[in-house]
Amino acid sequence: MLILAPCNLLRELPLPVAEELLFRGFLLTALRQRLGSVDSVAVSGALFALMHLSVEQFFQFALLGFACGAACVAADSVLPAVVLHAGYNFAAVALALKVGS
C-alpha cells in the first residue's frame with residue numbers, strides 16, 4: 001500500500017489550490033480593501049473554517065486559515081498559502097495511510 005501513497009498524495013493537490021484561490025486570492029484581497037490586513041486574515045480564516053462544516057475541527061481549520069492568510073499577506077502572493085494548505089493536507093493523508101496500514 002505504501003507504493004500507492006504518492007498517487008494518494010497527488011490526488012489531494014487540486015482542492016487546496018482551489019480553496020486558496022477562493023479564500024486568499026479572492027476573498028482576502030477583497031476584504032483587505034475594507035478591513036485591513038489583520039481583520040481580513042481573521043475573517044477569511046474563520047469563514048474558511050466554517051466552510052468545512054466541522055464543529056470538532058473548527059479550531060484547527062481556523063488556525064490553518066489564519067496561517068495561510070498571514071502567509072499570503074506577508075508574501076503578497078497566494079502561492080505560500082497553497083503550499084501551506086497542500087502540506088497540511090499531504091500530512092493528514094500520509095498520517096491516515098500510515099495509521100491505516
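Visitor: In which helix is the place of Ser44?

Guide: Ser44 has its place in helix 3, where a helix is a DSSP run of H or I with at least four residues, and helices are numbered from the N terminus. This is a predicted model, in which local features need pLDDT of at least 70, side-chain atom pairs count only at pLDDT 80 or more, and totals for chains, interfaces and linings use all residues. Residues are numbered from 1 along each chain as its sequence is written, and side-chain values use heavy atoms, with hydrogens and water left out.

Visitor: Why is Ser44 called buried?

Guide: Buried means under 20% relative accessible area, exposed means over 50%, and partly exposed is in between, with a 1.4 Å probe and protein chains only; Ser44 has 0% relative accessibility and therefore counts as buried. Leaving aside neighbours within four places in sequence, Ser44 is in contact (heavy atoms within 4.5 Å) with Phe23, Arg24, Leu27, Leu28 and Leu31.

Visitor: What makes Leu47 partly exposed?

Guide: Leu47, which also lies in helix 3, has a relative accessibility of 36% and so counts as partly exposed. With neighbours within four places in sequence left aside, Leu47 is in contact with Phe23 and Leu27.

Visitor: Why is helix 3 called oblique to helix 4?

Guide: The axes of helix 3 (residues 37–51) and helix 4 (residues 58–75) come within 7 Å and cross at roughly 140°. Axes are lines fitted to C-alpha atoms, for helices over the stretch in contact, and angles run from 0 to 180 degrees between N-to-C directions. Angles under 35 degrees count as roughly parallel, over 145 as roughly antiparallel, 65 to 115 as roughly perpendicular and the rest as oblique, which is why helix 3 is oblique to helix 4.

Visitor: How many residues of the contact of helix 3 with helix 4 are nonpolar, polar and charged?

Guide: They divide into 13 nonpolar, four polar and no charged, where Ala, Val, Leu, Ile, Met, Phe, Trp, Tyr, Cys and Pro count as nonpolar, Asp, Glu, Lys and Arg as charged, and the others, Gly among them, as polar.

Visitor: Why is Ala70 called partly exposed?

Guide: Ala70, whose place is in helix 4, has a relative accessible area of 40% and is therefore partly exposed. The C-alpha atoms of Ala70 and Val38 are separated by 8.2 Å, although these residues are 32 residues apart along the chain.

Conventions. Helix = DSSP H or I, 4+ residues; strand = E, 2+ residues; numbered from the N terminus.
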